[in-house]
Every structure is written in C-alpha cells, then in structure tokens.
Amino acid sequence: MYKIINVVGCLFFMCMHATYAQQEKIDMNVINKIRKEGLTNSQVIDIAFHVTDANGPRVTNSYGFKRAADYAIRQMTSWGLKNARLDPWGEFGKGWDLEKSYVAMTSPWYRSLIAYPKTWTAGTNGPRSGDVMLISAKDSAELAKYAGKLKDKVLIFDELMSYDHSNRPAILRRSDEDLQKLSEATMAEDTAAYRRRMERGRAQNIIPRNVVNGLKAIAVRDGAIAILSSSPENHSGTVFVLQGGPYRKTDPDNFLDIMIGLEDYNSMVRMLRRNMPVRMDVDVKTKFQTEDTQGYNVIAAITGTDPKLKDEIVMLGAHLDSGPAATGATDNAAGVCVMMEAVRILKAIGIEPRRTIRIALWSGEEQGLLGSRGYVRKTFGDAENMKLLPDHQKLSAYYNLDYGTGKVLGIHLQGNEAARNIFQQWFKPFDDLRARTVTLLNTGSTDHISFNTVGLPGFQFVQDRLVTQHSNMDSYDHLMPDDLKQSATIVAAFVYNTAMRDALIPRKPLPVIGTIDPVSGFKKQ
Ligand SMILES: [Zn+2]
C-alpha cells in the first residue's frame with residue numbers, strides 16, 4: 001500500500017512538473033529518420049573493423065594512431081563532413097610502436113609467456129638471455145644493495161599476486177533497480193564511490209612506484225635486460241598493459257618493462273624462492289618517433305545553416321588513442337565508432353542543422369585527458385586561470401562516450417540540474433530502447449571532464465559497462481553490434497536536438513579555479 005500511494009504521489013508530482021517545465025520541440029519526422037538509419041542501415045561495425053583490425057593499437061603519437069586518424073579523416077570527408085583534419089593541441093612527446101616481442105622462460109623448463117612490453121619502454125637491442133633475479137625491497141633505501149649486480153639479469157619483485165577465485169559474470173548489464181537509484185541521486189558527487197575507486201587503484205600498485213622507478217634507474221646503469229610486472233587483475237590469459245616509461249621529448253627512452261600474467265609471475269617467484277635458477281630469452285624491438293612530438297586530435301564538422309546560430313557549436317567526441325596490447329576495441333574504438341556513425345547518420349538523412357556540429361576524436365586520453373584538455377584550452381578557455389575565449393559563449397554542449405561497448409541507458413548531468421527536463425524529453429522517443437535514466441551524478445576520468453573544468457556543459461552517457469579496458473583481449477570480437485547501433489542512434493538524436501534548439505543547453509556556474517581534479521573530475525578534497 002505504501003508503494004501504491006508513493007507511485008500515485010510521484011505521478012501527480014510529475015504531471016505538475018511537466019505543466020511548468022519548458023516543452024521541448026522535437027521533430028519526430030527527423031527522429032524517426034535517425035532511428036531508421038541508425039538501427040537498420042548501420043555502418044558502425046564496418047567503421048569498427050577499420051578502427052581496430054585494420055589499424056592496430058593506437059597509442060598516442062604512434063604510427064597506429066596516425067593510421068586510424070587518417071582513416072577517420074578520409075571516411076568522414078567521404079560522408080561530406082567539412083574540414084576533417086589532424087588538429088594540433090600542444091606538445092605531447094614521443095610516439096612509440098612495438099616492432100617485435102619474444103619473451104620466454106628457457107630454464108628449468110621451456111615456457112612461452114603471455115607477455116607485453118609496456119608503452120614507451122626500450123627494446124633489448126637484439127636477442128638476450130639471462131637469469132631471472134628476485135628483488136626484495138620495500139623502499140628505495142633497500143635498493144642500494146643491488147647496485148652493480150644487475151648486469152644481464154631479468155628482474156622480478158619478490159611478491160606473490162593473489163588470485164581471486166570468485167567467479168565474476170562475464171557480462172554485467174545494469175539492472176532496473178540500479179538505474180532507478182541513479183535517477184534518484186540528489187547529489188552530484190558520489191564521494192564514497194570515488195574513494196572506492198581510488199582505493200582499488202592503489203591496491204593494484206603492489207610495489208610502490210618510487211621503488212620500481214629506483215630499481216629501473218639501477219638496472220639501466222648496470223645493463224640489466226628487463227623487469228617483469230604483473231597485478232592481481234592479470235589472470236586467465238588476460239593482462240592489462242599501459243604506460244611503462246616517460247614519453248616527453250627530453251625524457252630518456254627508459255628501461256624494458258614487460259607485463260605478464262600473474263600465474264606465470266607467481267610460478268617464477270615460487271621457483272626462485274626455492275633457489276631454483278630461472279632463465280629467460282628476451283628479444284624486444286620498440287620504435288620511438290621523435291620527428292613530430294606535437295599531439296593531434298581529429299576534428300571534423302557539419303556546418304550550421306542558421307544565419308544567427310551557425311557560429312554556435314555542439315560537440316560530440318571520444319578518444320581515439322588506446323593501450324598497446326590489443327586494438328582497444330571497447331576502450332575506446334567503441335566510442336569512436338558510435339560518434340563517427342552518429343555524424344554519418346545525420347549526413348545520410350540530409351539534416352541542415354542550425355548550429356555547427358563538430359566531432360572530436362581525442363588523443364592522449366590514457367595519459368590524462370591531454371588531447372581534450374589541450375583542445376579546450378586553445379578553443380574555449382584555460383581551467384588554470386579561468387581566462388575564457390570568445391567561443392566559450394558559443395558551445396551549447398559536448399557529448400562523450402567512453403564506457404565500453406554497452407548501449408546508452410541514460411546520461412550523467414554532472415550536477416547540471418537545469419538540463420534534466422530537456423534530456424528527459426529527448427529520451428522519450430527511445431524509451432523502448434531502455435534509454436531513459438537522467439542522473440545528477442558526476443562521472444569522471446574521461447574527456448567530458450575537460451569541458452566541465454572550464455564551466456562548459458560536458459556530458460557522458462550512462463551505459464551498460466561492457467569493457468575489456470587496457471587488456472590484451474580488448475579486440476573487435478568484444479564489441480556488441482546491436483549495442484553500438486542503439487548508442488549511435490541516440491547520440492545522433494541528442495546532437496541533432498542540441499543543434500536545433502532555440503537556446504543553448506543551460507550551464508552550471510563557473511567552477512572556482514583549482515577546485516576540480518582535471519582528470520577524475522571530482523572535487524579536490
Ligand atoms: Zn577510455
């Protein structure tokens with residue numbers, strides 16, 4: 001009974017609310033065309049093939065990134081987008097590509113290893129063989145005992161990674177209750193979730209970073225071969241690989257750091273603890289690109305047609321750069337393909353947007369949202385001093401996608417309550433696709449944050465979080481075509497509605513300088 005009364009109360013409130021809320025003009029004729037083009041004539045999976053299989057990993061400033069960027073520029077130009085180009089956003093650093101990797105244990109028995117050199121690490125300069133050496137040091141001071149003893153050694157820290165035996169479901173769809181909870185959030189900041197995430201991140205760094213870096217410095221001086229890394233997440237054939245060395249122009253090429261599975265890592269640690277000699281063969285070739293160290297995003301546009309509004313902008317985007325160990329399918333080819341498909345849909349149905357629609361495929365996201373931050377700084381304003389440029393007044397909204405291949409279920413308002421009623425109305429024609437949740441919550445750690453830090457309305461959609469993020473298994477087959485089609489359709493509709501609306505999307509007040517973490521997007525505490 002309590003429940004029924006509650007529901008009636010809610011309905012009454014919603015009716016009242018709808019009476020006073022601004023009614024959005026929605027052109028159902030265009031929305032239906034978008035649905036038809038997006039759901040039945042989709043090309044999203046063809047785009048996905050080109051971004052992943054055809055071009056390979058897309059580490060920022062690598063040849064793989066350049067190949068994929070060139071493809072996106074060609075493809076979007078062929079659809080009729082204007083001025084598709086590589087757009088420099090500032091100094092990034094060296095490009096890095098892996099050209100060869102052979103890593104095996106050769107004694108006391110032969111074991112081929114699931115092994116991936118981390119990005120921006122050096123190669124071996126030809127094949128090398130050496131003993132694996134157990135390193136035990138809890139802090140940098142304890143490393144001194146190894147100086148002069150690391151020549152021709154492969155280094156491994158004396159730590160066992162714990163293996164989590166609990167079964168995790170392979171596919172995690174969001175439940176109705178979960179979505180309901182999101183839509184009822186009354187605070188933008190979920191600090192408990194933020195703290196949990198930070199703690200998880202810290203738990204993964206079993207060996208303190210300064211100890212690892214201290215050991216690498218000795219290893220380079222002594223002429224060691226490589227260091228082996230792992231983490232409790234690296235099991236059952238899946239390993240997570242990101243940065244292993246610095247990339248700035250003036251930084252050294254660093255030391256070879258190889259990520260391996262915890263099963264192999266633990267096995268070698270157990271043998272070494274029992275004084276069984278372990279030997280390895282390592283032959284790794286990496287290539288650093290130093291000719292052009294600027295960072296580039298891919299930018300393209302559908303030009304606005306309304307004489308009064310065409311200088312105003314609506315943006316959509318996703319990061320094109322990826323980790324090194326696979327083709328970055330769910331992180332974030334999925335987002336790139338959905339955003340490209342959204343502009344294809346809009347061109348295919350021949351819309352004439354009032355405002356200019358601009359798509360951005362970012363680089364440097366994995367290194368700290370660098371591409372989007374650089375772009376926002378040069379286009380809209382600088383978060384460090386809140387000096388705003390004229391175009392700050394012209395951007396209506398930025399829409400981002402970076403939580404994997406799962407379909408769009410809603411949108412995060414980032415605390416922008418004034419946009420709630422607009423988005424709720426825009427989701428109505430997609431209720432049958434389960435897209436309806438509008439949550440006040442902040443979500444972070446991807447490119448919409450770069451817009452929010454200068455007070456611009458940047459939004460990230462709520463998705464089913466289906467990711468194989470940063471792993472060696474983040475490949476094409478992990479993409480879900482029907483989810484990508486659904487997402488592209490809804491994104492196209494949101495972008496279209498934003499381009500056609502009489503007014504800009506409402507904004508929050510400008511943030512106080514220095515109060516928002518520029519990567520996580522959470523308030524600095
Ligand atoms: Zn990502």
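Two bridges connect strand E6 to strand E7 (residues 226–229), and the two strands run parallel; strands pair if DSSP finds at least two bridges between them. Helices (H or I, at least four residues) and strands (E, at least two) are DSSP runs, numbered from the N terminus. This is a predicted model, in which local features need pLDDT of at least 70 and side-chain atom pairs count only at pLDDT 80 or more, while totals for chains, interfaces and linings use all residues. Residues are numbered from 1 along each chain as its sequence is written, and side-chain values use heavy atoms, with hydrogens and water left out.

**Strand E6 and its neighbours**

- Opposite Leu 155 stands Ile 227 in E7.
- Strand E5 (residues 128–135) is joined to E6 by five bridges, and this pair runs parallel.
- Leu 134 has Ile 156 in E6 as its bridge partner.
- Strand E6 (residues 153–157) is largely enclosed by the rest of the structure, because four of its five residues are buried. Buried means under 20% relative accessible area, exposed over 50%, and partly exposed in between (1.4 Å probe, protein chains only).

**Helix H7**

- Helix H7 (residues 209–222) has 14 residues and spans 20 Å from first to last C-alpha, close to the 20 Å expected at 1.5 Å a residue. The expected span is 1.5 Å times one less than the number of residues in the helix.
- The buried residues in H7 are Val 211, Val 212, Leu 215, Lys 216, Ile 218, Ala 219 and Asp 222. They lie on the same side of H7 because they cover an arc of only 165° around the axis, the arc being that of the directions from the helix axis to the C-beta atoms.
- An α-helix has 3.6 residues a turn, so residues three or four places apart point the same way.
- E5, E6, E7 and strand E8 (257–260) are among the elements that cover the buried residues of H7, with contact meaning heavy atoms within 4.5 Å.
- Exposed Arg 209 and Arg 221 sit on the face of H7 turned away from its buried side.

**Salt bridges**

- The structure contains 30 salt bridges, each being a side-chain nitrogen of Lys or Arg within 4 Å of a carboxyl oxygen of Asp or Glu.
- Asp 131 and Arg 279 form a salt bridge, with their closest N and O atoms 3.0 Å apart. This pair links distant parts of the chain, Asp 131 in strand E5 and Arg 279 in strand E9 (residues 279–289), 148 residues apart. Asp 131 is partly exposed at 30% relative accessibility, as is Arg 279 at 32%.
- Asp 176 and Arg 434 meet through their side chains in a salt bridge of 2.8 Å, N to O. Asp 176 is in helix H5 (residues 176–183) and Arg 434 in the loop between helix H11 (420–427) and strand E17 (437–439), so the pair ties together parts 258 residues apart in sequence. Asp 176 is partly exposed at 48% relative accessibility, and Arg 434 is partly exposed at 22%.
- Arg 355 and Glu 312 form a salt bridge whose closest N and O atoms are 2.6 Å apart. Arg 355 lies in the loop between helix H9 (329–348) and strand E12 (356–362), and Glu 312 in the loop between strand E10 (294–302) and strand E11 (313–319), so the pair ties together parts 43 residues apart in sequence. Arg 355 is buried at 0% relative accessible area, and Glu 312 is buried at 17%.
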